[in-house]
Amino acid sequence: MALGKIKADTLEHSTAGTVDTQFVVDGSAKARGQHAAGTLQSGSLNHSSITDHATGSFSHNFTNSFANILYSHVGSATYNQGSSSALWTYMREDGSAGDTATGSIKVTSAYILSSQNRTDYDFAFVDLICFGDLA
Amino acid sequence: METPQFQGTHLFDRLCWAKENLEPHQSDYRVVYEDKIDECAKILVPDPNWMACALQGGILPPVQVYWELAKDEAQPDFKKHTRGYLLHNTEPVEAMTEEQAIEYLIMKDCPQHVWRDYDSGNKPKMVICRKEQLPATREWRNAWKISEELATDETVAA
């Protein structure tokens, strides 16, 4: 097979000590997606598609499902120059566990002004990275 | 490039191989569907690296594997997948055309109640189109619906 493989439980540096390769595996992102209003960019990993639900509402659909729904996610949205937004975010929708499945996660991109509650918004680019155990 | 014999290789490792070795393919196809009467139309957009895998063949598991995992996840006592091996050990599907890949993607990522009887109501609940047929801007995104008067050469959501 064309896939080369190095099997090791520990990596050892000449002076800085050792690290269990399990930490390396667990600490690697298992899914990455950057998209512009639903169109994924070519650097994506472990995505099959994006579902564009509405303004600022998207699902990331994974090719290799996670083992359970307890995986971590980190999202970010681009900052618009000159914007008065106090906060902008790309995170799981309303914190609802029902929108997180092993094969997909529903997320919202929104901004918040000091004078106004959350407003869903389509940023130029948003990013989502997920960590966790795969099925 | 020839796909290595991947049956039994972890699916994630295959995806990493594909990302290294295959050229991403940005599809022009979009799947427009409505799954709730009071919500706007949803748009399914294929991932370019996934599409490259589908066109290459020998990488992705059969779509039925995802249905089996979804059945497991729907159980009330579900905690974690115990049949993840289905993703890795089932014989991968052969190379697909772009159109076949879109059909596969619909069966994987669209709700089953949408695609199983998409054409049984007063109007289609699901349409495959090209991105140029979607509205040019997202100004009225939350009002998008599948057009009542479908034609292959017209905008399908407005």
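# Close-up views of a two-chain predicted model

Read along the sequence, chain A follows the pattern β-β-α-β-β-β-β-β-β-β-β-β. The model is predicted: local features need pLDDT of at least 70, side-chain atom pairs count only at pLDDT 80 or more, and totals for chains, interfaces and linings use all residues. Residues are numbered from 1 along each chain as its sequence is written, while chains are lettered from A and ligands numbered from 1 in the order in which they are written.

**View 1. Chain A holds one helix and eleven strands.** Helices (H or I, at least four residues) and strands (E, at least two) are DSSP runs, numbered from the N terminus. Of the 135 residues here, 33% count as buried; a residue is buried if 20 or more other C-beta atoms lie within 10 Å of its own, exposed if 12 or fewer, and partly exposed in between, with C-beta atoms placed from the backbone. Chain A averages a pLDDT of 85, and 88% of the residues score at least 70. That score is the predictor's confidence in each residue, from 0 to 100. In chain A, confidence is lowest in helix α1 (residues 21-26), at a mean of 76, and highest in β5(A), at 96.

**View 2. Four strands of chain A form an open sheet.** Their order is β4-β3-β11-β7, and the pairing is antiparallel. Two strands pair if DSSP finds at least two bridges between them. At the edges are β4 and β7 (72-77) of chain A, each pairing on one side only. Look next at strand β3 (residues 31-36) of chain A: five bridges join it to strand β11 (residues 126-131) of chain A. For one example, A:Arg32 has A:Ile129 as its bridge partner in β11(A).

**View 3. A:Asn46 sits in the loop between β4 and β5 of chain A.** Is this residue buried or exposed? A:Asn46 counts as buried because it has 26 C-beta neighbours inside 10 Å. Its phi is near 60 degrees, a positive value in a residue other than glycine. Most residues other than glycine have a negative phi.

**View 4. Chain A meets chain B.** Here 33 residues of chain A are in contact with 34 residues of chain B; two residues are in contact if their C-beta atoms, placed from the backbone, lie within 7 Å. On the side of chain A that touches chain B, β4 (39-40) and β5 (47-54) of chain A each supply at least two residues. Which element gives the most to this side? That is β5(A), with eight residues. By class, the side of chain A that touches chain B has twelve nonpolar, 18 polar and three charged residues. Ala, Val, Leu, Ile, Met, Phe, Trp, Tyr, Cys and Pro count as nonpolar, Asp, Glu, Lys and Arg as charged, and the others, Gly among them, as polar.

**View 5. A strand of chain A pairs with a strand of chain B.** Four bridges join β5(A) to strand β2 (residues 42-46) of chain B, and the two run antiparallel. Across this pairing, A:Asp52 stands opposite B:Ile43 in β2(B).

**View 6. Strand β2(B) is largely enclosed by the rest of the structure, because five of its five residues are buried.** In a regular strand the side chains alternate between the two faces of the sheet. From β2(B), B:Lys42, B:Leu44 and B:Pro46 point one way and B:Ile43 and B:Val45 the other way. Strand β1 (residues 29-33) of chain B also pairs with β2(B), in the antiparallel sense over three bridges. There, B:Val31 has B:Leu44 as its bridge partner.

**View 7. B:Lys36 lies in the loop between β1 and β2 of chain B.** B:Lys36 is exposed, with 9 other C-beta atoms within 10 Å. The C-alpha atoms of B:Lys36 and B:Val114 are separated by 9.5 Å, although these residues are 78 residues apart along the chain.

**View 8. Two helices of chain B come together.** The axes of helix α2 (residues 48-56) and helix α5 (residues 98-109) of chain B come within 9 Å and cross at roughly 120 degrees. Axes are lines fitted to C-alpha atoms, for helices over the stretch in contact, and angles run from 0 to 180 degrees between N-to-C directions. The contact is made by B:Met51, B:Ala54 and B:Leu55 of α2(B) and B:Glu98, B:Ala101 and B:Tyr104 of α5(B). These residues divide into five nonpolar, no polar and one charged.
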